[in-house]
Amino acid sequence: MRNLFLFFSFLLISLCSHAQLSYLTEQDNKQIITSEINHKNKIHSYFPVFNLDSLYKAATYYNVDSSLAFLKRKLFYDDFYHLETKHLTLRIDPAFMLNYGKDNKTNEYSIFENTRGIIVRGKLGKNLYFKSTAFESQRTQPQFLRDYILKKRTVIPGMARLRYNKPDTFDCSSAEGELFWQIKPSLVFSIGRGKKFLGYGYRSLFLSYNAPPYSYFNAEWTSKNKKLFLSSLWLVTSDIRSIADVTKDFYYKGYGNINYLSYYPVQWVQIGFVESKWYKNAVDFSYFIPVVYWNSIFDNRNNGGIKAGITYSVKLLKLFMYYGQWDFVQGRTQNGLILAKKTDKFSFFGRAEYNNVNTGYNMVLQQEMFSHLNQFIDYSTENTKSEFIGQIGFSFYRFFARFKYNEIYRLQPEDYPYPVNDKDYYRTYEAGIEINPAYRLQIFGRILYFNDEKWWSVGLRTNIFGRYTDV
């Protein structure tokens, strides 16, 4: 596995000899409101990365030529509904994932997803931003995801609690709503129900996109010289534990506080200090302290609910970035290399990432403290000893092609109630065309291999969904 990581790293470095511009993007299917890393302004590593205007202007968004015919403008360039006044900017778009396919392990029925919804983004006055989404979904699943859902018993990855529509069909709905108040350029408060991410990786040791939306309050401060950034995130999670059967559940609340301090000694080097503490059903005074490592030093009575560590990154040649995380409480590490280049017509993105995590499955310390609706809120796979991830993606005009490879080494914990493979392999091939960049309307085709399982699908989507299929 280390040889694979070194090979991908060498490949990425060797491709960067003619670089001109830095262009680092997030994981493919993260939400449209998040912006790209802004090197000119030395923006911090905490996602979403503001530039708050990205809430209603996607990275690909640009002023639409008003001379274009109405139908052509709406189909290929503009939002479904777009309003610009002196005090209000409003964008309303459909949000959906419609696909059909086959899986060689589930020959008795076809694999489909029918997710429909709406996304509303806007800006009121000079300082108030908002975003809201709502989805309703019916789907069947390939065998490996169906097994995962039934073992979890309650949740479709990244979405919400499930309902049964037919014996092989799952039904769920999900909603998010967030308000962002930019008090001044250096201070932003946000409140709502949504998802957050911490770090540069495909996954994160501290906060990932895997769990369904949760309620949160976030305060962010950036120093005048852009060298310091402080974020404090307070979030409320809930989880569901089956007692005997599907009609009897046990619910509990989780309260998490994640404090993050990022420092840029120079523009191309970043180091961040992160700590999170989690409580079950009730909190104490320390929950409200927005100081990194406060709990580790002064209030570590509940060690099972504390994580602390650092993030780091180095950007070189305006083309590639080495990044990583170290959770020194639980001894987990992440190291990765990103290469990216973009011109007006062409872009390339590559990633090689190696995670040494030993997640295990501990019902007391892990599942209760770091999960929401039965999905981990930090690292998004269970029983993982280590993982290698390789990604390559190209785009030319509006055409795109991507490849992703995952190799996961699994632990074999004695207390885990289901059989576990020693190794799992994922390979994903995807290609398509972006019809409308304003809300990332795409036609796509995809082939995913999970060990000896093959799942192919074609469909139409607005690419705004933060999910992991490599669970």
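Begin by selecting Tyr429, which is found in strand β24. Strands here are DSSP runs of E with at least two residues, helices are runs of H or I with at least four residues, and both are numbered from the N terminus. The model is a predicted one, in which local features need pLDDT of at least 70 and side-chain atom pairs count only at pLDDT 80 or more, while totals for chains, interfaces and linings use all residues. Residues are numbered from 1 along each chain as its sequence is written, and side-chain values use heavy atoms, with hydrogens and water left out.

**Stop 1**

Tyr429 counts as partly exposed, at 38% relative accessibility. In this tour, buried means under 20% relative accessible area, exposed means over 50%, and partly exposed lies in between (1.4 Å probe, protein chains only).

**Stop 2: the strands on either side of β24**

Select β23, β24 and β25 next. β23 and β24 pair in the antiparallel sense over 11 bridges, and β24 and β25 pair in the antiparallel sense over 10 bridges. Two strands are taken to pair if DSSP finds at least two bridges between them. Thr428 in β24 is the bridge partner of Lys404, and Leu441 in β25 is the bridge partner of Asn436. Four residues stand between the strands in the hairpin of β24 and β25, where Arg440 takes a positive phi near 55°.

**Stop 3: Asp424 and Arg410**

Which residue forms a salt bridge with Asp424? The partner is Arg410, with the closest N and O atoms 2.9 Å apart. Asp424 is in strand β24 (residues 423-436) and Arg410 in strand β23 (residues 399-410), 14 residues apart. A salt bridge requires a side-chain nitrogen of Lys or Arg within 4 Å of a carboxyl oxygen of Asp or Glu. Asp424 is buried at a relative accessible area of 5%, and Arg410 also counts as buried, at 11%. For a network, select Asp79, Arg91, Asp93 and Arg121, which are joined by salt bridges that share partners.

**Stop 4: Tyr426 and the largest nonpolar core**

Display the surroundings of Tyr426. Leaving aside residues up to four places away in sequence, Tyr426 touches Phe144, Lys404, Tyr405, Asn406, Ile408, Arg410, Leu448, Tyr449, Phe450, Thr469, Asp470 and Val471; contact means heavy atoms within 4.5 Å. The largest nonpolar core has 21 residues, of which Phe144, Ile149, Ile156, Tyr426, Leu448 and Trp455 touch the most other members. The elements giving two or more residues to this core are β4 (111-124), α3 (143-152), β9 (169-184) and β25 (441-450). The largest share, four residues, comes from α3. Apart from this core lies another, of 20 residues, including Leu198, Phe206, Tyr214 and Val357. A nonpolar core is a set of buried Ala, Val, Leu, Ile, Met, Phe, Trp, Tyr and Cys residues joined through side-chain atoms within 4.5 Å.

**Stop 5: strand β9 and Phe180**

Phe180 lies in strand β9 and counts as buried, at 1% relative accessibility.

**Stop 6**

Select Lys105 and Asp452, whose side chains meet in a salt bridge (3.2 Å, N to O). Lys105 lies in the loop between β3 (88-103) and β4, and Asp452 in the loop between β25 and β26 (453-462), so the pair ties together parts that are 347 residues apart in sequence. Lys105 is partly exposed at 37%, whereas Asp452 is exposed at 56%. Arg163 and Asp171 form another salt bridge, their closest N and O atoms being 2.4 Å apart. Arg163 is partly exposed at 40%, and Asp171 is buried at 9%.

**Final view: the whole chain**

Five helices and 26 strands make up the list of elements in the chain. Of its 471 residues, 57% count as buried. A search of the whole structure finds 21 salt bridges.
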